Amino acid sequence: MDTPNKNSLSEKSPTASGLNLARSWRPQTFEHIVGQHIPVKMLKNSLYLNKIFPVYLFAGQRGCGKTTTARVFAAAINCEQLEQFRTNPTTQLLPCQQCSSCKAMAKSAHPDFIEIDAASHTGVDNVRSIIDSSSYMPMQGRKKVYLIDEAHMLSKAAFNALLKVLEEPPETVLFILATTETHKIPETVLSRCFQALFGPINTTLLKQHLQEVCNAEAIEIEPDALELIIGQTDGSARDALNLLERVRFSHTLVSYEAVVDVLGHIAHKDLYALFGHIIAQDGTALLAHLDEINFSQRNATLLFDMLVELCRSLLHVKYGVKSALPSNDDHAQTVKHLAGQCSLNRLHAIMQLMWSQEELFLKTPKKHAFLELMLLQLCEQVSSLDLEQLINACNTGGGSPTLSLPKVTPPAERIANPIATPQPQAAPLEHANPHAQAWAGFLTALEQANADPMLLSIFRQASVLRLDQEQQKVHLELAHVGTLFTDKITDTKKLWLPVLEKTLGNFSDFILQAGGTKTKTPAQRTSTPLPPLPAKQVSKSFSRVNTQTKRAPSAPKENHEEPIDVRDEQKWPLTHLIMRFFPGKIRKVKVVR
């Protein structure tokens, strides 16, 4: 980028000119244009080599400098010092801003610069007037320059009328088309243009520019506020300056809280807290926090976008991308902590649900209610991948999956869905390896802490290989290694870690590995026997009925009875979990072996 001349820029003042910041700080030379190094270099080189094209197309997003660059280019073409620039481009400023042509351009009074808004001049008659006037010679400069802003708004007939003059304009005429939507420009017009693409302004360059403006205008601004303004304007200098001015006129200090207030945003600490409640699947705490931050007065669309960006950052952190961390150290530590509290599978599931609901969210007029319900849905979310792996693990014998109901715990005590699989009886502790007694104590303490039944089931099937005192980690061999089991252990770390430290000593984590293919002898097992199931659970099992799938010949005979009323979700948690993914009827069956 060509850095602005600070002495020249500091002379500008909206107070003196009566203009807002975006207009008073509009660049007047190529050196002052921020963040568009490649387009500026192409235009300066064409002027230096005297290779001027008849038609230019400036394309890019809003507020990135297309119209401003077009005006600077038009001023440079008619500048009286152009020949001096071609002789010595390193010392001669272009446009010079001193000659009569440059002064006329600065006052928007140059007779040979015609700017047309295509949004309000879309018809064939408007184009015909351009064609007719282009036949006249320039009055003051070398060329007559026509800037057609928002060129994509021209009608098809107007484009067709313009084609001929664009292809072979008079030698004294130059056209510049500026647009934010290149795909709406006909190919026949694009093929006649020299295209200059303007991208979003780099964050670092835009930050430097805003800081310079604040210094020159005596605006007090905090670093966090500057970061937030830049993050909300998508690389648009005009949007950033306009937002800066909105905050400036509503607060004495441009602080982070002031910008949040003007935007209808929520603070980062509140965003992290909301996401933490989602990970912990605590809908009650989430609703309380929404009420605490006055959610109804916040911008729901911005909050949706912030949640998506945070989830994306957490995914990047999980994959080891350090640049995804915020520059603020406190925020970076919080993001690392959140990333450690959830698995990749959980983050992917959150992103998929939010993307699937985005179209409906944008269409609904009741965005706050919709977003609130979606956040609660995220709290209750179960990954379909987890469910598939669960059924595969349970249904090892083929045929329809037959699952026995676990102990039902109140919703407030549940972190995840309590799903337990039938486990083989373990050997008595006296035949276990040296770590069996310590491991049994851990399992007993975990059970007394009302831990998730599925987590208990995973740990009961596991075997302790060794206790690594140096790394302070327990080497654990799992009976089944897959995303379901490893993610379950990861997601519930805050539940089992205090129990582990209390019962086994100064150990902080597990090192998990797959079990061997050979069946372990009873003396090699460290798991404790499972407690007997209640009589009601022993006598009943439930299976989803699928009339379209034939049972395997080896499947047991079943005597179907009447459908069961399973509307009580607390009484039938596992049934509701399965029916969420596989709708159907639930019947009680008697299995005859």
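What percentage of the residues in the protein is buried?

Guide: Buried residues make up 45% of the 593 residues in the protein, where buried means under 20% relative accessible area, exposed means over 50%, and partly exposed lies in between (1.4 Å probe, protein chains only). The model is predicted, so local features need pLDDT of at least 70 and side-chain atom pairs count only at pLDDT 80 or more, whereas totals for chains, interfaces and linings use all residues. Residues are numbered from 1 along each chain as its sequence is written, and side-chain values use heavy atoms, with hydrogens and water left out.

A salt bridge is taken here as a side-chain nitrogen of Lys or Arg within 4 Å of a carboxyl oxygen of Asp or Glu. Under this rule, the count is 16 salt bridges.

One of them joins the side chains of glutamate 181 and lysine 184, with an N to O distance of 2.9 Å. Glutamate 181 counts as partly exposed because its relative accessibility is 24%; lysine 184 is also partly exposed, at 43%.

Another salt bridge links the side chains of glutamate 309 and arginine 312, at 3.6 Å from N to O. These two residues are 3 apart in helix α17 (residues 300-318), and therefore about one helical turn separates them. Helices (H or I, at least four residues) and strands (E, at least two) are DSSP runs, numbered from the N terminus. Glutamate 309 is partly exposed, with a relative accessible area of 43%, and arginine 312 is partly exposed at 42%.

The salt bridge between the side chains of arginine 466 and aspartate 468 has an N to O distance of 3.7 Å. Arginine 466 is partly exposed at 42% relative accessibility, whereas aspartate 468 is buried, with a relative accessible area of 9%. Elsewhere, Arg62, Asp234 and Asp239 are linked in a network of salt bridges.

With a contact defined as heavy atoms within 4.5 Å, 74% of the contacts between residues at least 6 apart in sequence join residues at least 24 apart. The protein exposes about 31,000 Å², of which carbon and sulfur atoms supply 51%; accessible areas come from the Shrake-Rupley method with a 1.4 Å probe, and for residues only the protein chains shown count as cover.
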